[in-house]
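Reader: Hi! I have a new model open on my screen. Could you walk me through it?

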Amino acid sequence: MASKIGHETQPHFSPHQRIRNMSETASPCDGRPEMTQLHPPPQTAANVESLEAYQAMYNESITDPDGFWSRMGKELVTWHREFDTVSHGSFAEGDIAWYLGGELNVSVNCLDRHLKTRGDKVALIWEGDEPGDVRKFTYRELHREVCKLASGMRDAGVKAGECVALYMPMVPEAIFAMLACARLGAPHSVVFAGFSADALRDRILDAGCRVVMTADQGVRGGRRTNLKKTVDEALLECPGVDLVIVHQRTGETGPDVPFVAGRDVYMADLMAKARPYCVPAVRNAEDTLFVLYTSGSTGRPKGVLHTSAGYLVWAMMTHKYTFDLRDDDVFACMADIGWITGHTYNCYGPLANGATSMLFESTPLYPDAGRYWDVVERHGVTQLYTAPTAIRALMKYGSEPVQKYDTSSLRVLGTVGEPIAPLAWNWYNEVVGAKQCTIVDTYWQTETGGHMLTALAGVTPTKPGSATLPFFGVKPAIVEPDTGNVIEGNEVEGVLVMQQPWPGMCRTVLGDHQRYLNTYMTAYSGNYFTGDGAIRDMDGYYWITGRVDDVVNVSGHRLGTAEIEAAVVNHDACVEAAAIGIPHELKGQDIFVYVILHNGYEPSDDLAHELRDAVKEGIGSFAKPAASNIVFVEGLPKTRSGKLMRRILRLIATGEESRLGDVSTLADPAVVPAIIAAVKAKR
Ligand code: WTA
């Protein structure tokens with residue numbers, strides 16, 4: 001919890017902490033009929049012949065990883081110089097590296113190498129906020145735009161190795177910017193354009209960025225957001241930034257779109273003057289491709305660092321095999337480039353594979369609940385990749401908005417970001433897919449670079465709500481939370497770890513390698529700790545049960561309770577705050593905050609609203625809890641050693657106080673009935 005009194009250090013996740021949400025029945029599979037429902041793939045795949053072929057390839061990837069990944073690296077990547085060493089390092093040492101000695105440029109892999117064979121193929125389809133507002137770029141055109149931008153950036157002094165911040169809406173220029181950075185060897189740090197000025201400032205400072213790329217305004221769901229204004233606000237406290245490159249999405253001028261002469265330049269002006277070809281920087285396999293901030297259990301968001309060759313191989317492999325990629329596909333990932341899904345499956349995976357990738361600026365509900373299906377029909381989308389939160393929101397409208405459109409082009413339906421309940425899975429399968437598509441429930445993380453557990457379309461029989469089986473090179477294990485002992489066999493539940501390094505994993509936390517080690521490598525020594533709980537069922541299929549740490553997943557947005565608490569405590573009225581996640585029908589989880597006020601402040605609805613706005617200011621609108629989920633209390637349940645008992649707070653928030661058990665060992669047991677009363681009074 002965050003507190004203004006005293007100094008508390010947040011403990012790291014400890015193996016001795018009890019895992020949450022553990023099933024209380026004898027077998028974790030009891031009472032879950034979906035675990036026995038195998039759906040055979042409705043089509044066959046182009047890239048893997050059969051489940052047996054997957055198994056053979058999988059076995060090779062586990063028993064001879066170097067042989068396997070050497071072959072894949074040679075097959076998939078266009079090298080400037082081929083690698084000498086396939087893999088290096090271990091989890092225990094935290095010094096993982098892949099393809100050492102190799103040299104490449106990722107933008108060349110995404111663009112130049114396709115020019116001869118598919119220069120006129122559409123690389124990007126952009127569907128703007130208004131239906132039918134479309135821009136398309138062939139590989140040749142995309143290459144030219146990226147080259148112009150990279151040349152302009154180089155002219156403006158951007159150097160290999162310097163980290164460039166991107167705060168961009170979902171427009172083609174965002175992809176130009178990412179690839180231009182890759183071309184120059186300048187790592188990008190994309191900050192989701194829904195983050196507040198404070199959050200943007202912290203990320204710019206942490207990565208020491210000198211250059212920021214943004215747009216005048218963002219447009220989404222018929223509304224505009226003043227991105228440039230937010231950037232300027234953030235930059236008031238970023239003295240190191242001396243260049244802001246502004247794409248004009250709306251062309252709006254006036255007080256909502258400030259422009260600082262001498263520091264700011266329009267992207268179009270920069271590109272107009274620049275050479276149409278830009279020599280790519282030769283990068284080492286392990287040079288940084290990008291940094292992406294994500295939330296953890298504790299402390300401030302961390303800059304997860306991905307490198308060039310291993311990430312590229314992972315992005316290409318997973319995109320190709322999970323989605324059963326074919327030449328004429330139109331691949332539509334509906335994510336935002338501000339998150340890892342947008343990096344790997346809007347930009348790097350599809351473009352390196354020479355596919356047609358869609359970029360979607362709008363929302364599933366704008367102008368109405370038929371928008372996705374309208375997009376599918378107009379563009380002939382073959383793979384649609386979205387999140388359970390969107391599926392749940394669309395389900396409410398029934399089948400009619402889907403049936404208005406011809407969605408027969410769809411072959412694969414993907415989901416990512418949180419566990420998908422069987423109800424939503426079945427709706428996706430039956431109503432959207434007409435039982436003709438493979439549902440690929442892809443489990444992975446910012447840190448993993450790409451898919452870890454997933455069905456392969458056309459290959460893996462699926463079950464509603466299961467992420468099914470491991471991807472090539474992924475060796476999952478379920479461990480006992482308390483002891484870290486590996487639990488063998490099926491019908492077991494515990495903490496999910498990975499036992500073998502894979503090329504796409506993150507290599508460090510920017511500027512804090514110790515934190516990387518503490519977060520991922522030491523909890524279950526010798527393994528990568530995912531932070532998730534999982535069940536392995538009778539068929540060896542994996543079911544993610546959710547985070548076992550203090551990470552909350554709100555509509556697929558990953559938030560740390562510590563950062564929410566820090567934002568709330570920033571308000572003058574607040575002494576101490578404790579945030580938890582509680583189940584929510586549409587969002588998956590919702591934030592619930594307990595607040596202790598300073599003397600002299602009285603609880604009120606107005607104050608709850610102010611605290612909610614403090615979260616908006618500290619993080620962004622998307623993280624705001626409902627004001628009714630902010631509860632004022634006099635004390636929090638802590639052990640005598642001062643550890644906050646979040647389990648108690650969770651049970652009270654969800655009305656399950658009858659399951660609290662013995663609380664007499666708390667430092668002050670009397671806080672419990674008082675908290676129960678405060679929560680009840682809110683209802
Ligand atoms: C959760 C998003 C269940 C999980 C790519 C993980 C999932 C966190 C799934 C990572 C899934 C992601 N089923 N849970 N298919 N996919 N998660 O870093 O808790 O934003 O640890 O990466 O989302 O979120 P992140």
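**Domains, fold and loops**

Author: Happy to! UniProt, in an unreviewed entry, places the feature "domain: AMP-dependent synthetase/ligase" at residues 112-502; UniProt positions are given in the numbering used here, feature names are shortened, and annotations may be inferred rather than shown by experiment. This is a predicted model, where local features need pLDDT of at least 70, side-chain atom pairs count only at pLDDT 80 or more, and totals for chains, interfaces and linings use all residues. Residues are numbered from 1 along each chain as its sequence is written, and side-chain values use heavy atoms, with hydrogens and water left out.

Reader: Thanks! What is the helix and strand share of residues 112-502?

Author: That span is 30% helix and 22% strand, and its end C-alpha atoms lie 27 Å apart. Helices (H or I, at least four residues) and strands (E, at least two) are DSSP runs, numbered from the N terminus.

Reader: And which UniProt annotation covers residues 54-110?

Author: The unreviewed entry gives "domain: Acetyl-coenzyme A synthetase N-terminal" there. Residues 54-110 are 47% helix and 18% strand, with 26 Å between the end C-alpha atoms.

Reader: Zooming out, how many helices and strands does the protein have?

Author: The protein has 20 helices and 31 strands. Its radius of gyration is 24 Å, close to the 26 Å that the globule rule gives for 683 residues, so the protein is as compact as a globular protein of that length. The radius is taken over C-alpha atoms, and the rule is 2.2 Å times the number of residues to the power 0.38. Along the principal axes, the C-alpha trace spans about 75 × 60 × 55 Å.

Reader: What percentage of the residues is buried?

Author: Buried residues are 61% of the 683. Buried means under 20% relative accessible area, exposed over 50%, and partly exposed in between (1.4 Å probe, protein chains only).

Reader: What about contacts between residues at least 6 apart in sequence?

Author: Of those, 73% join residues at least 24 apart, a contact being heavy atoms within 4.5 Å.

Reader: How about Glu-491, what is its phi?

Author: Glu-491 is not a glycine either, and its phi is positive, near 55 degrees. Glu-491 lies in the loop between β22 (476-479) and β23 (492-498) and is partly exposed, with a relative accessible area of 36%.

Reader: Now some glycines. Is Gly-296 buried or exposed?

Author: Gly-296 is buried, at 5% relative accessibility. You'll find Gly-296 in the loop between β15 (288-294) and β16 (302-307).

Reader: Which residues does Gly-296 touch?

Author: Not counting residues up to four places away in sequence, Gly-296 touches Lys-302, Asp-550, Val-551 and Gly-560.

Reader: Last one: where does Gly-31 lie?

Author: Gly-31 is in the loop between β1 (2-3) and α1 (51-63). Gly-31 is exposed, with a relative accessible area of 77%.
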